[in-house]
There are 2 protein chains.
Amino acid sequence: MSSIIKPRVLKGFRDFLPENELERKSITTKLEKIFENFGFVPIDTPALEYTEVLLGKGGGETDKQVYNFRDSGKRDVSMRFDLTVPFARYISQHLDELYLPFKRYHIAKVWRGENTQRGRYREFTQCDFDIVGVDSPSSDFEIMLMMQNSLSALDVSDVTIRFSHRGIFNRMLETLSLSDKTVEVLRIVDKIGKIGEVKVVELLEEITSTNNAVKILDFIKPGKNFRETLDKMIFLSGGESEDTKRLEEIYSYILENGIEKMFLLDPSITRGLDYYTGLVYETFLNELPEIGSVCSGGRYNNLASLYTKTELPGVGASIGLDRLLAGLEVLGKKSNNKSLTQVLIMVLDDKLIGHYHKLATQMRKKDINVEVFPIKKKIPQQFKYAENKTIPFVVFCGEDEAKKSQINLKNISTKENYDGLTINEACELILK
Amino acid sequence: MSSIIKPRVLKGFRDFLPENELERKSITTKLEKIFENFGFVPIDTPALEYTEVLLGKGGGETDKQVYNFRDSGKRDVSMRFDLTVPFARYISQHLDELYLPFKRYHIAKVWRGENTQRGRYREFTQCDFDIVGVDSPSSDFEIMLMMQNSLSALDVSDVTIRFSHRGIFNRMLETLSLSDKTVEVLRIVDKIGKIGEVKVVELLEEITSTNNAVKILDFIKPGKNFRETLDKMIFLSGGESEDTKRLEEIYSYILENGIEKMFLLDPSITRGLDYYTGLVYETFLNELPEIGSVCSGGRYNNLASLYTKTELPGVGASIGLDRLLAGLEVLGKKSNNKSLTQVLIMVLDDKLIGHYHKLATQMRKKDINVEVFPIKKKIPQQFKYAENKTIPFVVFCGEDEAKKSQINLKNISTKENYDGLTINEACELILK
């Protein structure tokens, strides 16, 4: 006999039990519905790509988080670590087969060999949606509207979508002659939620004057309302410009659509990355802001400069499914269905098995999820199975009932019995 | 300026354009619906696992098809190459959290570094469904019923599900004293569809007597009907037994459910693998048998002997999504939707953009997929976009209409115009 191998998964990787996978599927189905509602189309790309394509020339040596190896044909390959880089490659490669503006969504797993932490995994799911090929306030706004609609569809309406404009932030840094330190300032400002104002000023003072540090802090603190915040941003960035006008336009759409309660102009939102050039967004659960942004994104000037000379401006956002699920669980909004089965047909008599399957087919035609217990066992064992799968109804049918084309139905939770029903009567009761 | 990296994918890997991804999603959604209809629950497992877990001890050196490497923590890891091995590991690991019998489905990508051929890819999707923890004719039959229901749901009803029993085949080999050559015989018999009877006898003669070769050929040729085939199988395998009784029982269920036209007892079906021990199935499109089986499976004695001492008999099948899609395309059953959008709201006036988004929201509440063109452009360019995405309706709304809360609707294919509609009137027309 060969020895047993211990069944286990890699650190940072997860199995999904049925109740968790059902929950994930229910969420992605709702998101897909919203994305399609807004006219976005799905795409998919390979899990594995040339390392050069994903990381750029020479990137292979540097990025330790990427799962990178040589395949049996000695190609240097990597597993995708996000959905943005593959999308940039995809749109460059297929521009002739596509059209602009192009609105796509992509829900898929990505892999990063990061240090694992609570809620951080090495395999996780991203849900990205982007509008590429156009730079307009309408598309900036549409992404915000989709963020709001997506979260509402998941029964998470109590959220704040915080937004700002990276162009205004950059102009503010220019007035302070700090453009060459943009990356450092961004990294510090991005931490304000975690480390607080005092610490931010201290860190800023390490790279610039106290006067500048205080001005930056002043800039990133929201005012009492949209107008006041924007006026301060205009003042501290050297006056009105295209970027401030863009914010005004977008805010007028927000007002016209009556959704201003969920949106907050917050100049501390910068997304930390040099990548963004225009609008930036982050979304926080009001009851659970500490888990961080569950949906973030922004506008970028040029998505695919690595692969094509065609300029492709875009705007988009990404929902962090794993973080969102963790949040829903804490808020008690996680469903705990072990299955979607509505009826279990109990096996009372081996000779009736063909008949049981026929009954099941008839009920399935009424769009009811039905299963036949797969073998004759003692009734309590069959009941236990229904309980394990949270199945609400069981059907009993013996020889007498079969002859009369009848069944007996039991509602497990109320313990009510309905005897001598026709199939149609039973289906009506179940669907109620 | 950095030089451009040529956008490309690895050999055997594919991008999915929106029309293809929509088609795949539509198919997997229909399959999931059927699986849930039968009470099956979804699970998921990691893309990456310990090589030892996937390939057994020492398997790492031998299997060249598997994408195998050392991660940055020096662990020997592999990408999953099927969904059966991870399922065996999963059920062994989580037996305490689950229950038996356990009916799961799993739709996911798998990776194999095979030589690429027409319709063969290095990344492809499997759709597996299995009933584990029970050995009963009812569950053997249920899998067959699901195969039939799944294909019908995909509008592929003109199929033949060929089935047989590996136990009877093994008994036949025993009567010829050929049990020690089971694997070789299976490999030859499995090729009959491709190479024909004469060649099969020739190959068999290389490993046994002409007399035996002819007897094997006699065994694997179906008779005129179920009864005649089964009688011959009984005769050539040394008499009736549990296995022949099982076939009779299953056929009685098939008859009782009135689906005998789609099922054929075909003793040449063996699935080639030593793995199966009971029922075996393959499914062929009647109009396109040459593409091979689109849904295959069978019964195995012991799923998870590598990981646990608990005996887990099971039965299941797998739909080859990529092969099935190729078949649907040849049969002209592939849909060619570029999107699911039903309405494009044209941008006539920049000042109305907030209003356009409000209109879109109102229509989306009626479950209509609507998009707002993201920027003001010339009308023909906006029309071209609707054409590219096969959007059937466009909405025009200028300042006058906005003031009167009206819109003008155009059906692109019929060229009909409906002017001065309320939103509700427009929605009714679109939903018709």
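Which residue stands opposite Val280(B) in strand 10 of chain B? Gly298(B) does.

## About the model

This is a predicted model: local features need pLDDT of at least 70, side-chain atom pairs count only at pLDDT 80 or more, and totals for chains, interfaces and linings use all residues. Residues are numbered from 1 along each chain as its sequence is written, while chains are lettered from A and ligands numbered from 1 in the order in which they are written.

## A buried strand in chain B

Start with strand 9 (residues 279-285) of chain B. Strands (E, at least two residues) and helices (H or I, at least four residues) are DSSP runs, numbered from the N terminus. Seven of the seven residues of strand 9 are buried, so the strand is largely enclosed by the rest of the structure. Buried here means that 20 or more other C-beta atoms lie within 10 Å of the residue's own; 12 or fewer makes a residue exposed, anything in between partly exposed, and C-beta atoms are placed from the backbone.

In a regular strand the side chains alternate between the two faces of the sheet. In strand 9 of chain B, Leu279(B), Tyr281(B), Thr283(B) and Leu285(B) point one way. Val280(B), Glu282(B) and Phe284(B) point the other way.

Strand 9 of chain B pairs with strand 7 (residues 159-165) of chain B in the antiparallel sense, over seven bridges. Two strands pair if DSSP finds at least two bridges between them. Ser164(B) stands opposite Val280(B). Strand 9 of chain B also pairs with strand 10 (residues 295-300) of chain B, again antiparallel, over two bridges.

## Phe163 in chain A

Phe163(A) lies in strand 7 (residues 159-165) of chain A. Phe163(A) is buried, with 26 other C-beta atoms within 10 Å. Leu265(A) is 102 residues away from Phe163(A) in sequence, yet the two are 5.1 Å apart in space, C-alpha to C-alpha.

Contact means that the C-beta atoms of two residues, placed from the backbone, lie within 7 Å. Leaving aside neighbours within four places in sequence, Phe163(A) is in contact with several residues, among them Met144(A), Phe263(A), Ile269(A) and Tyr281(A).

## Two open sheets in chain A

One open sheet has five strands in the order 13-12-14-15-16 (chain A), with mixed pairing. Its edge strands are strand 13 (370-372) and strand 16 (417-421) of chain A, and each pairs on one side only. Neighbouring strands are turned by 20° against each other on average, direction ignored. Angles run from 0 to 180 degrees between N-to-C directions, and axes are lines fitted to C-alpha atoms, for helices over the stretch in contact.

Strand 15 (residues 407-411) and strand 16 of chain A run antiparallel, joined by three bridges. Leu409(A) stands opposite Tyr418(A) in strand 16 of chain A. Helix 15 (residues 423-431) of chain A packs on this sheet, and its direction makes about 10° with that of strand 15 of chain A.

A further open sheet has three strands in the order 2-4-3 (chain A), with antiparallel pairing. Strand 2 (48-50) and strand 3 (68-70) of chain A stand at the edges with a single partner strand each, so one side of each is left without a neighbour in the sheet. Three bridges join strand 2 of chain A to strand 4 (residues 76-79) of chain A. Leu48(A) has Met79(A) as its bridge partner in strand 4 of chain A.

## A helix pair in chain A

Helix 9 (residues 226-236) and helix 10 (residues 242-256) of chain A pack at an angle of about 170°, with their axes 11 Å apart. That makes helix 9 of chain A roughly antiparallel to helix 10 of chain A. Angles over 145 degrees count as roughly antiparallel, under 35 as roughly parallel, 65 to 115 as roughly perpendicular and the rest as oblique.

From helix 9 of chain A, Phe226(A), Leu230(A), Met233(A) and Ile234(A) take part. They meet Thr244(A), Leu247(A), Glu248(A) and Tyr251(A) in helix 10 of chain A.

## Where the chains meet

The contact takes 85 residues from chain B and 85 residues from chain A. On the side of chain B that touches chain A, helix 14 (residues 353-364) of chain B gives the largest share, seven residues.
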